[in-house]
Amino acid sequence: MTVAVKRIYEPPARDDGTRVLVDRLWPRGLSKNQAAIDYWFRDLAPSDALRKWFHSESRDWAGFRKQYLKELAQSEAGTALAELYRLAGKRGRLTLLFASKNEVQNNATVLKDLLSGMRKPPTGTGPTATRVREARRSPRK
């Protein structure tokens with residue numbers, strides 16, 4: 001499946017495929033009919049603290065990505081992330097929707113990278129999350 005990112009304020013298009021909103025809050029001034037979303041995964045959004053920190057004076061993109069990936073490894077996001085991987089495994093196009101004015105550096109682009117295999121998913125998530133892994137240690141001397 002092809003994964004795309006798009007601002008929720010842009011009009012829906014036929015080639016958007018499955019439209020998934022990945023923000024915690026509903027976008028201002030937009031009705032549910034105008035949004036035309038298929039799914040809303042609030043638990044995939046960054047925490048309020050992380051979002052506020054990123055939008056403060058620092059604008060540390062690498063730090064944001066690192067912290068956001070840690071948040072995605074938590075149990076609340078795990079179910080939603082597994083569902084997102086399931087949707088991405090289907091035929092057609094998946095469009096991740098976000099409200100941020102920054103179209104390059106936002107949580108939807110991090111999720112797209114995960115789905116495209118550009119970044120390693122957090123431990124315990126992803127399409128192979130059900131597989132049990134054993135840790136092998138050599139004895140200490």
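In strand β4, the bridge partner of Thr18 is Leu94, where strands (E, at least two residues) and helices (H or I, at least four residues) are DSSP runs numbered from the N terminus. The model is a predicted one, for which local features need pLDDT of at least 70 and side-chain atom pairs count only at pLDDT 80 or more, while totals for chains, interfaces and linings use all residues. Residues are numbered from 1 along each chain as its sequence is written, and side-chain values use heavy atoms, with hydrogens and water left out.

The protein chain contains five helices and four strands, which follow one another along the sequence in the pattern β-β-α-β-α-α-α-β-α. Of the 141 residues in the protein chain, 38% are buried, a term that denotes under 20% relative accessible area, as against exposed at over 50% and partly exposed in between, computed with a 1.4 Å probe on protein chains only. Among the contacts (heavy atoms within 4.5 Å) in the protein chain with a separation of 6 or more, 62% are accounted for by residues 24 or more positions apart.

The four strands form an open sheet with parallel pairing in the order β1-β4-β2-β3, two strands being taken to pair if DSSP finds at least two bridges between them. Strands β1 (2-7) and β3 stand at the edges with a single partner strand each, so that one side of each is left without a neighbour in the sheet. Strand β4, by contrast, has five of its six residues buried and is therefore largely enclosed by the rest of the structure. Pairing of β1 with β4 is parallel and extends over six bridges, and within it Ala4 has Thr95 of β4 as its bridge partner. Strand β2 (residues 18-21) runs parallel to β4 (residues 93-98) and is joined to it by four bridges; here Val20 stands opposite Leu96, and Leu21 stands opposite Leu97. Leu21 also has a bridge partner in β3, namely Trp40, in the parallel pairing of β2 with β3 (residues 39-40), which comprises two bridges.

Helix α5 lies across β1 and β4 and runs at about 155° to β4.

Helix α4 (residues 75-88) and helix α5 (residues 107-115) also pack with each other, at an angle of about 60° and with their axes 11 Å apart. This angle makes α4 oblique to α5, given that angles under 35 degrees count as roughly parallel, over 145 as roughly antiparallel, 65 to 115 as roughly perpendicular and the rest as oblique. The contact is made by Leu81, Leu84, Tyr85 and Ala88 of α4 together with Leu111, Leu114 and Leu115 of α5. By class, it has seven nonpolar, no polar and no charged residues, where Ala, Val, Leu, Ile, Met, Phe, Trp, Tyr, Cys and Pro count as nonpolar, Asp, Glu, Lys and Arg as charged, and the others, Gly among them, as polar.

For helix α2 (residues 48-55) and helix α3 (residues 61-72), the axes come within 10 Å and cross at roughly 175°, and these two helices are therefore roughly antiparallel to each other. Their contact involves Leu50, Trp53 and Phe54 of α2 and Trp61, Gly63, Phe64, Gln67, Tyr68 and Glu71 of α3, which divide into six nonpolar, two polar and one charged.

Methods: Axes fitted to C-alpha atoms, helices over the stretch in contact; angles between N-to-C directions.
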